[in-house]
Amino acid sequence: MSFPYKKNIEKSMKKFYDSLCEKNKRRYAAIESEKLSHGGVNSISALLECDPKTIRQGKKELTELELDITGIRQPRGGRKKRPLPLNTVE
């Protein structure tokens, strides 16, 4: 099967894919398959040696994923403001 990527890119993709945890593998494969549109699931499943069902599950997870735009810190968290210097008039 012919892939739309150069051989060195395919090796990098496979190496990166193998370094991920299961959840991130599904999501990465889903994103790569979306780039290829028609036939993307089959191409990426062959390239990354994963089941097409895994990619479809990753696509489902990505659509359900809610981005947390509130940030990591709690309200009023982080570095405290530096107090203003006192005006000392002599």
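Glu32 is part of helix 2, which spans residues 22–36. The model is predicted. The protein has four helices and zero strands, in the sequence order α-α-α-α.

**Overall make-up**
- Of the 90 residues in the protein, 28% are buried.
- The protein exposes about 7900 Å². Carbon and sulfur atoms supply 53% of that area.
- Among contacts with a separation of 6 or more, 56% are between residues 24 or more positions apart.

- Glu32 has a relative accessibility of 6%. The cut-off for buried is under 20%, so Glu32 counts as buried.
- Neighbours within four places in sequence aside, Glu32 is in contact with Tyr5, Met13 and Ile44.
- Two of these partners, Met13 and Ile44, also take part in the contact described next.

**Helix 1 against helix 3**
- Two packed helices are described by the angle and the distance between their axes.
- Helix 1 covers residues 7–19 and helix 3 covers residues 40–48. Their axes come within 10 Å and cross at roughly 75 degrees.
- Angles of 65 to 115 degrees count as roughly perpendicular, so helix 1 is roughly perpendicular to helix 3.
- Helix 1 contributes Glu10, Met13, Lys14 and Tyr17 to the contact. Helix 3 contributes Ile44, Leu47 and Leu48.
- By class, the residues of this contact are five nonpolar, no polar and two charged.

Key. Residues are numbered from 1 along each chain as its sequence is written. This is a predicted model: local features need pLDDT of at least 70, side-chain atom pairs count only at pLDDT 80 or more; totals for chains, interfaces and linings use all residues. Side-chain values use heavy atoms; hydrogens and water are left out. Helices (H or I, at least four residues) and strands (E, at least two) are DSSP runs, numbered from the N terminus. Buried means under 20% relative accessible area, exposed over 50%, partly exposed in between (1.4 Å probe, protein chains only). Contact means heavy atoms within 4.5 Å. Accessible areas come from the Shrake-Rupley method with a 1.4 Å probe; for residues, only the protein chains shown count as cover. Axes are lines fitted to C-alpha atoms, for helices over the stretch in contact, and angles run from 0 to 180 degrees between N-to-C directions. Angles under 35 degrees count as roughly parallel, over 145 as roughly antiparallel, 65 to 115 as roughly perpendicular and the rest as oblique. Ala, Val, Leu, Ile, Met, Phe, Trp, Tyr, Cys and Pro count as nonpolar, Asp, Glu, Lys and Arg as charged, and the others, Gly among them, as polar.
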